[in-house]
Amino acid sequence: MSSTAAASTTATAGRGTRMTTSRRLSVMMFGMTVLVLAGGGVGAVALSHTATVSNRLADRISPARTAVSRLESGLLEQVAAVRGYVITGDPGLLRPYEEGVAAEGATAQRARDLLADEPEARRELDAALALAERWRAGYPTRLIAARRAGTSAAELAPVVRRSGLAFDAAQAALTSLEARLDRVQAAGRADLDRARGLRDLLFVAILATLLLSSIVISVLVRTTVLRPLDRLGASVRRVAGGDFEHRLAPEGPADIARLTADVETMRQRVVDALNTSRRHRDALEQQAAELRRSNEDLEQFAYVASHDLQEPLRKVASFCQMLQRRYADQLDDRARQYIDYAVDGATRMQNLINDLLAFSRIGRVYRDDREVDLAATFAQAESNLSEAVAEAGAEIEADPLPVVQGDPTLLTMLWQNLLGNAVKFRSPDRPPRIRVAVTEDTAGWEFAVADNGIGIDPRYADKIFLIFQRLHPRGAYDGTGIGLAICKKIVEYHGGTLRLDDGYADGARFVFTLPKPAPAVRVPEQAGELTPVAPG
């Protein structure tokens with residue numbers, strides 16, 4: 001099974017056995033929500049119970065106890081008022097009695113309402129109020145009526161004593177009720193204290209539970225989500241740093257495991273592509289090495305062949321010329337014509353060999369690369385062509401030329417061939433005008449050499465750069481047809497391009513480029529980005 005397939009199988013297994021990060025977080029948030037709701041519910045119940053106990057104590061028991069105390073105080077005031085009236089006979093002393101009787105009804109009704117949820121206390125209240133009513137019906141009313149009728153206080157003394165006994169029974173009932181309410185009030189306060197304690201305990205427990213849950217969720221998120229992400233990031237950085245053989249093991253939630261498996265699959269594909277590219281690169285390097293050897297062999301062959309053919313050709317030409325001079329008077333016109341053909345053929349062959357020898361030396365013999373002032377090479381080429389330029393009456397105009405990196409001999413040869421062609425292939429009806437234009441961009445310079453000569457048919461734009469290709473008969477123009485091929489090889493040797501501007505209609509216009517020197521780069525030991533280094 002391949003690594004990619006294994007990674008896919010692992011990812012599938014991870015998806016089947018692990019929850020995703022979102023699902024884990026959803027479960028954690030759901031659990032947290034349940035805890036919050038449960039804690040809120042329990043807290044609400046505790047608060048409600050505390051409020052109920054507090055409200056019962058504050059709104060019913062305590063006011064009821066106060067109302068019973070008022071009933072007892074009212075009865076005491078009534079007894080005092082009746083006794084004072086019986087002793088003094090002053091009617092004004094009956095006013096507290098009358099007011100107490102009137103207020104007792106409202107107070108009694110309020111006490112009944114407050115004790116509606118306390119049946120035992122209410123029964124005692126009703127019993128005490130019945131005894132008080134019985135006391136008023138049996139004694140104060142009779143005493144007041146008798147005193148108004150003129151009965152003396154001494155005569156009413158026995159009745160007053162019996163009235164006191166009846167009042168004591170009513171007062172004892174109210175005192176018993178007060179004692180009961182005091183007990184109920186104490187029990188309510190104890191319940192309130194317990195409810196408050198339970199409430200505080202519940203709130204502390206809820207707070208502790210929420211805090212513990214937050215800590216547990218934080219630990220779970222860190223161990224199940226953040227830690228696998230950290231490991232994944234560290235592994236990715238390790239692979240990005242050049243350790244392409246480092247395998248990534250899926251772990252953590254299903255989506256993180258799936259992401260890890262996808263990154264592992266990508267890593268394996270990158271490794272496979274890298275291995276393939278390395279094999280292709282090795283094959284290309286081997287082919288390039290073989291091609292270099294083949295080119296070197298061919299160049300060496302061309303050099304040797306051209307060099308070794310020089311001597312036989314010189315001998316053929318020399319002996320033919322000697323034969324012509326020595327035996328000219330013994331030869332007829334046809335023999336002399338044959339000798340002329342032989343000398344001309346040997347001479348042309350020698351020129352072809354010399355041009356082939358110059359072509360083969362480009363990039364092999366001329367390798368003096370350095371900073372070259374193109375203005376100096378241009379001036380040298382003009383000087384070499386001065387005789388032809390003067391004879392044709394040519395005018396040459398050029399923009400300021402830059403300094404480039406290259407071989408000065410080859411660049412001089414480039415200008416000489418381009419300018420020489422412009423002079424050679426001039427129009428018969430006007431003197432040659434040659435214009436050299438220069439433009440610069442970020443990559444380098446572009447040069448255009450334009451003339452007003454006979455021009456070149458765009459159909460032959462590619463053919464003119466082939467070696468020994470001529471567009472005119474051999475007798476029309478001198479040369480071997482290798483000049484533009486040499487120019488193209490020189491430009492390409494310097495990293496540029498050469499082409500014919502097929503849109504130029506006033507003659508011929510050749511455009512070539514020369515690049516700016518590229519900054520050196522430092523290659524790291526491990527695979528990574530190339531770091532520019534300033535040329536030194």
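This is a predicted model: local features need pLDDT of at least 70, side-chain atom pairs count only at pLDDT 80 or more; totals for chains, interfaces and linings use all residues.

Biologist: What makes Glu178 and Arg65 a salt bridge?

Modeller: The closest N and O atoms of Glu178 and Arg65 are 3.7 Å apart. The cut-off is a side-chain nitrogen of Lys or Arg within 4 Å of a carboxyl oxygen of Asp or Glu, so this pair counts. In general, side chains of opposite charge can pair when their charged atoms come close.

Biologist: Why do you say that this pair ties together parts of the chain?

Modeller: Glu178 lies in helix H6 and Arg65 in helix H2 (residues 21–88), so the bridge joins parts that are 113 residues apart in sequence. Both Glu178 and Arg65 are buried.

Biologist: How many salt bridges does the whole structure have?

Modeller: A search finds 17. One of them pairs Asp126 with Arg112, at 3.2 Å from N to O. Asp126 is in helix H4 (residues 119–138) and Arg112 in helix H3 (residues 95–114), so here the tie is between parts 14 residues apart.

Biologist: Why is Asp126 called partly exposed?

Modeller: Its relative accessibility is 32%. Buried means under 20% and exposed means over 50%, so Asp126 falls in between and counts as partly exposed. Arg112, with 22%, is also partly exposed by that reasoning.

Biologist: Let's move to helix H6. Is Ser213 buried or exposed, and how do you know?

Modeller: Ser213, found in helix H6, has 11% relative accessibility, which is under 20%, so Ser213 counts as buried. Leaving out residues up to four places away in sequence, Ser213 touches Met32 and Leu35.

Biologist: And Leu211, why is that residue called exposed?

Modeller: Leu211 also lies in helix H6 (residues 157–240). Its relative accessible area is 54%, and exposed means over 50%, so Leu211 passes the cut-off. Together with Ile215 and Val219, Leu211 forms a nonpolar patch on the surface, with about 280 Å² of accessible area.

Biologist: Now the inside: which residues have the most contacts within the largest nonpolar core?

Modeller: They are Trp415, Phe447, Phe510 and Phe512, in a core of 40 residues. Among the elements that give two or more residues to this core are helix H9 (374–384), helix H11 (408–424) and strand E7 (509–515). H11 supplies the largest share, nine residues.

Biologist: What does Phe512 touch?

Modeller: Beyond residues up to four places away in sequence, the contacts of Phe512 include Leu414, Trp415, Phe447 and Val491. A second, separate core of 35 residues includes Leu125, Leu156, Phe167 and Leu177.

Biologist: How much of the protein chain is buried?

Modeller: Buried residues make up 34% of the 536 residues. The chain has twelve helices and nine strands, and exposes about 31400 Å², with carbon and sulfur atoms supplying 56% of that area.

Conventions: Residues are numbered from 1 along each chain as its sequence is written. Side-chain values use heavy atoms; hydrogens and water are left out. Patches are made of residues with over 30% relative accessible area and no salt bridge: like charges are joined within 9 Å, nonpolar side chains (Val, Leu, Ile, Met, Phe, Trp, Tyr) within 5 Å. Accessible areas come from the Shrake-Rupley method with a 1.4 Å probe; for residues, only the protein chains shown count as cover. Helices (H or I, at least four residues) and strands (E, at least two) are DSSP runs, numbered from the N terminus. Buried means under 20% relative accessible area, exposed over 50%, partly exposed in between (1.4 Å probe, protein chains only). Contact means heavy atoms within 4.5 Å. A nonpolar core is a set of buried Ala, Val, Leu, Ile, Met, Phe, Trp, Tyr and Cys residues joined through side-chain atoms within 4.5 Å.
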